[in-house]
Amino acid sequence: MRSLSSLVRPNILSLAPYSSARSEYSGKGSVFLDANENPFGVYNRYPDPMQKALKEELSGIKNVSPENIFIGNGSDEVIDLCYRIFCRPGIDNAISITPSYGMYDVSAAINDTDLIKIPLDQNFQLDADMLLQYNNDDKAKLLVLCSPNNPTGNLLKNLDDVIKNFKGIVLVDEAYIDFSGTPSYIDKLSLYPNLIVAQTLSKAYGMAAARIGIAYASIEIINLFNKVKPPYNVSALNQLAAITSLKEKEEYENQKQLLLTERKRVTEILINAPSVKKVYPSDANFLLIKVDDANSLYKYLLDTGIITRNRNTQIPNCVRITIGSPSENDALLNAILQFSI
Ligand code: PMP
């Protein structure tokens with residue numbers, strides 16, 4: 001890895017962050033006349049800008065110290081901050097894979113950063129050599145990988161070599177890791193100072209409405225995130241909702257197990273459906289299927305009230321289907337079994 005200071009945008013290195021009213025005092029106050037809030041109401045006070053209670057809860061679950069945790073307004077905020085911290089607009093570039101999650105492109109474009117996309121092979125795996133050929137380019141600041149990958153559904157293999165050898169920052173987006181049965185790269189943070197692991201409560205934790213994304217990384221990298229984020233980027237309601245949901249460990253396990261059982265059931269039925277040519281193996285809570293004509297299947301399902309994600313433009317004739325509740329999956333299976341081309 002190159003030195004962290006040579007990877008960070010100079011204006012971010014020298015940035016004097018905004019100091020919010022609620023982060024300036026310490027001790028036990030009871031009369032709050034510092035933040036121009038309305039003294040009346042239920043939601044009248046600003047939330048904890050550093051989300052301490054939520055980080056404590058995550059720290060216990062993930063076995064990571066709170067100083068190694070950043071909370072974003074969804075992991076989409078984490079992705080955007082990576083470009084904003086490391087990539088000089090119009091100068092630096094980032095590397096990712098294709099097909100993958102669309103926000104990597106959009107965030108790169110917003111930040112005026114060229115995104116070089118390395119095609120995955122036919123098993124949707126990474127060509128590490130192709131990727132590492134950009135290693136001598138000092139402008140290649142950020143590598144964005146998604147594992148399990150969206151929309152292909154599979155874990156990327158042999159990431160260790162890539163993370164170890166890439167000289168810039170590596171963001172591993174683990175939005176779907178809970179469904180994979182494999183350990184998170186969080187466990188390897190102490191081995192790789194250039195590693196940022198993004199996770200989210202939007203998937204296995206069922207909290208998409210609360211917009212809680214998380215970055216795990218070295219203290220130095222987390223401090224950069226804290227410098228750049230808006231002062232109160234996670235609402236008090238969302239922090240509380242997240243803490244409540246993280247405490248419901250049995251519910252999380254039960255839901256996850258049910259979704260995994262359903263993933264297996266739906267896969268087995270779809271494999272035998274006449275209109276389905278291929279069901280790709282999934283380590284996530286969705287399946288990618290190949291059909292003869294993805295546009296017509298997508299439209300047919302839409303007409304029956306079932307909304308899936310047409311990925312035809314990314315992967316020809318492929319549709320991505322989220323694993324829903326058993327009755328939602330039954331509706332999908334009935335519809336697909338009746339679909340004829
Ligand atoms: N990463 C991946 C791979 C995703 O698929 C998604 C959501 N579809 C996100 C990140 C964003 O998740 P969040 O709700 O935490 O912003």
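**Salt bridges.** I count a salt bridge when a side-chain nitrogen of Lys or Arg lies within 4 Å of a carboxyl oxygen of Asp or Glu. The model is predicted, so I keep local features at pLDDT of at least 70 and side-chain atom pairs at pLDDT 80 or more, while totals for chains, interfaces and linings use all residues. Numbering starts from 1 along each chain as its sequence is written, and side-chain values use heavy atoms, with hydrogens and water left out.

I looked up Arg-265 and Asp-330. Their side chains form a salt bridge, 2.9 Å from N to O. This pair links distant parts of the chain, 65 residues apart: Arg-265 sits in helix α11 (residues 249–271) and Asp-330 in helix α13 (residues 326–338). My helices (H or I, at least four residues) and strands (E, at least two) are DSSP runs, numbered from the N terminus. For accessibility I use a 1.4 Å probe and protein chains only: buried is under 20% relative accessible area, exposed is over 50%, and partly exposed is in between. Arg-265 is partly exposed at 27%. Asp-330 is partly exposed too, at 34%.

Next I checked Lys-299 and Asp-303. They meet in a salt bridge at 3.1 Å, N to O. Both lie in helix α12 (residues 294–303), four residues apart, about one turn of the helix. Lys-299 is partly exposed at 48%, whereas Asp-303 counts as exposed at 58%. I also noted a network: salt bridges with shared partners join Arg-22, Asp-34, Glu-37 and Arg-45.

Asp-161 and Lys-164 gave another salt bridge, with the closest N and O atoms 4.0 Å apart. Both are in helix α8 (residues 159–165), three residues apart. Asp-161 is partly exposed at 43%. The total for the structure is 18 salt bridges.

I call two strands paired if DSSP finds at least two bridges between them. Strands β9 (residues 286–291) and β11 (residues 318–322) are antiparallel over five bridges. Ile-289 has Val-319 in β11 as its bridge partner.

**Strand β7.** Are the residues of β7 buried or exposed? Five of the five residues in β7 (residues 212–216) are buried. Ile-212, Ile-214 and Tyr-216 lie on one side, with Gly-213 and Ala-215 on the other. In a regular strand the side chains alternate between the two faces of the sheet. Strand β1 (residues 69–73) runs antiparallel to β7 and is joined to it by five bridges. Strand β6 (residues 195–200) is also antiparallel to β7, over four bridges. Tyr-216 stands opposite Ile-69 and opposite Val-197.

**Ligand.** I took a residue as near if one of its heavy atoms lies within 4 Å of the molecule. There are 14 residues around the ligand; Ser-75, Asp-173, Tyr-176, Thr-200 and Ser-202 come nearest. For polar contacts I list N or O pairs within 3.5 Å; within protein, one atom must be able to donate a hydrogen and the other to accept it, and residues adjacent in sequence count only if both atoms are side-chain atoms. A polar side-chain atom of Asp-173 is 2.6 Å from a ligand nitrogen. An N or O atom in the side chain of Arg-211 is 2.7 Å from a ligand oxygen. A polar backbone atom of Asp-76 is 3.1 Å from a ligand oxygen.

**Backbone geometry.** The peptide bond joining Thr-98 and Pro-99 is cis, with omega about 0 degrees. Pro-99 is in the loop between β2 and α6 (103–110). Asn-150 to Pro-151 is cis as well, with omega near 15 degrees. Phe-124 has a positive phi, near 60 degrees, and is buried at 10%.
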